[in-house]
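Hi,

Here is the structure I said I would pass on.

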Amino acid sequence: METDKFDEQFRIASARWAGYDYGQSGMYFVTICTQNRIRYFGEIILPTGDWDNAELGPTPQAQIAQSCWLQIPSRFPFVSLDAFVVMPDHVHGLLLFGKPDEQTPSLNYQNTFGPQRDNLAAVVRGFKAGVSALAKQNGLVFGWQSRYHDRVVRNGTELKKIQQYIANNPVRWKHEQNVEEGLFR
């Protein structure tokens, strides 16, 4: 079966910001989904019966994801955590890379194959692997979707908007399930 390929090489176009070094200092917004969007992390509950107070009723898998997220800076000391939320079938988080004595990368940066460490892919890979391993050790059924969505945060206005989106994600759950208007749906 013949399939179209992007750039005669890849099966889909890259969502990456062309020419950007994802290992450099900066703020990164990531969304990581569970396999087949299965609700491994629980359900959104309304403790007061009001959607304005919606929150996740976490499963053990959600607690593992929360714990592994909080451990990211101990494994990657150049990473600081910002807003984060666990939802029934995905997580959203902001990661701040602050590498000391880093020179400004060239505007002609070229992504190349080689060791993938101390960059966004390595951090996300480590997080996903940690959650998967702990779930398995505890006999819990769990799986991640391959890949993840990322966005380089470009300015303070965008950062505030993303922080608000993350904080309000549980409140918007019902609406986003009924209407295809979520940020990444």
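**What turned up**

Let me start with a charge and a ring: the charged end of Lys99 sits over the ring of Phe78, at 4.6 Å from the ring centre. Bear in mind as you read on that this is a predicted model.

Now the overall layout. The protein is built from four helices and six strands.

The contacts say something about how the chain is put together. Taking those between residues at least 6 apart in sequence, 66% join residues that are at least 24 apart.

Then the aromatics. Searching the whole structure gives 13 aromatic pairs. One of them is Phe142 with Trp144, which is edge-to-face, with the ring centres 4.9 Å apart and 90° between the planes. I quote both values because a pair of aromatic rings is described by the distance of the centres and the angle of the planes. As for where these two sit, Phe142 and Trp144 are both buried.

So which residues do ring pairs link into a cluster? Tyr40, Phe41, Trp69, Phe84 and Phe127 are in it, along with Phe142 and Trp144. If you open the model, you could pick out those residues and then go over to Lys99 and Phe78, where the charged end sits over the ring.

Cheers

Terms used: Residues numbered from 1 in each chain as written. Predicted model: local features only at pLDDT ≥ 70, side-chain atom pairs only at ≥ 80, totals over all residues. Heavy atoms only, no water. Phe/Tyr/Trp six-rings, centres within 6.5 Å; stacked < 30°, edge-to-face > 60°. Buried < 20%, exposed > 50% of the residue type's maximum accessible area, 1.4 Å probe, protein only. Lys NZ or Arg CZ within 6 Å of the ring centre and 35° of its normal. Helix = DSSP H or I, 4+ residues; strand = E, 2+ residues; numbered from the N terminus. Contact = heavy atoms within 4.5 Å.
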